[in-house]
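Open the model in your viewer and keep the selection tool ready.

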Amino acid sequence: MNRSNGSELIKVQDLAKYYPLHAGIFKKAKVHILAVDGVSFALNKGETFGLVGESGCGKSTLGRLVAGLEPPTKGDIYLEGESIYYSRRTQKLELARKIQIIFQDPYASLNPRQTVGSIIGEGLEIHRVATPKERKEKVIHLMKSVGLHENHFTRYPHEFSGGQRQRIGIARALALEPKLIVCDEPLSSLDVSIQAQVINLLLDIQEQFDLTYLFISHDLNVVRHMCDRIAVMYVGKLVEVGTNKEIYDTPKHPYTKALLASVPRLTPGAFRRGLVLKGDVPNPASPPSGCYFHPRCRQAMDICKGKMPDLYSVEGSHHVRCWLYS
């Protein structure tokens, strides 16, 4: 299943994003929300790297950081060895072309006042790619590549269904010939029948355009079908990273096991009640001491309450943030 050629494309190093909560007359930031807290990983060319976790764990924030839509509080991201945040302006513009994003909401992510042709071709115009005639030809080619018709060029987003709008968003992401596309839960707003079509489309264009994906989703069945490697996120931190087979066949972290146990099964009695999580996700503005997962963990030890574990190597590319494997 692994489509990677082995060479590193993206390196995320100690990335963090803290949002201040202002209070008082002078609006001083007394506390910070730890949306992303010291995340490091690498993506290889041609692979699909999945990012999963409960709502509010920081997946989408991490995706926006990788796409360059928000500056990090600390840390950096390197694309083929070049920093996407601390390079010269001319380099930043060039790097911005190589990383694009497909947004979660196909309704809110398209400007209702722009035609489809204008939406898809906007990036080409901003970066002054080709002549106006060549841009139009390229936009039409992209529309056909994602299953849209040429006569959709002058129509507006409100004239399309959710699945068609997501295809417009995919075509827009392809326009500048990126190397990496961040897919921020691109299926969550679509009907199940349409989801299957978009999944097949994403797989087809990945092969056609030689793309690398950071695929963010809460649907573990889709992630299993799409991704080569998977990272599990909890309250801004990665708690387990491994190949598709390692995560689904031999999960190590108690949180990963609980997530997988929550996936609906068709077999009667297959639901594993012993792994049901109790309690709520901690407040990222005031996370618990030590391991953030310990208040909900059935295997928590004294050390879990006092110190955050590192991301330990279990075997090969399989890593887990848990004192049970220190």
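**Aromatic rings**

Select Tyr234, Tyr255 and Phe293: ring pairs link them into a cluster. Rings of Phe, Tyr and Trp (its six-membered ring) pair if their centres lie within 6.5 Å. This is a predicted model: local features need pLDDT of at least 70, side-chain atom pairs need 80 or more, and totals for chains, interfaces and linings use all residues. Residues are numbered from 1 along each chain as its sequence is written, and side-chain values use heavy atoms, without hydrogens and water.

The whole structure holds six aromatic pairs. Go to Tyr312 and Trp323. Their ring centres are 6.1 Å apart and their planes at 50°, so the pair is tilted (under 30 degrees is stacked, over 60 edge-to-face, the rest tilted). Tyr312 sits in strand β11 (residues 312–315), and Trp323 in the segment after β12 (318–320). Strands are DSSP runs of E, at least two residues, and helices runs of H or I, at least four, numbered from the N terminus.

Tyr312 is buried at 18% relative accessible area, and Trp323 is buried at 12%. Buried means under 20%, exposed over 50%, partly exposed in between (1.4 Å probe, protein chains only).

**A loop serine**

Now select Ser109, in the loop between β6 (99–102) and α3 (116–126). Ser109 is buried, with a relative accessible area of 18%. Its side chain reaches the backbone oxygen of Asp105 at 2.9 Å. Beyond its neighbours within four places in sequence, Ser109 is in contact (heavy atoms within 4.5 Å) with Phe103 and Arg172.

Conventions. A polar contact is a pair of N or O atoms within 3.5 Å; within protein, one must be able to donate a hydrogen and the other to accept it, and residues adjacent in sequence count only if both atoms are side-chain atoms.
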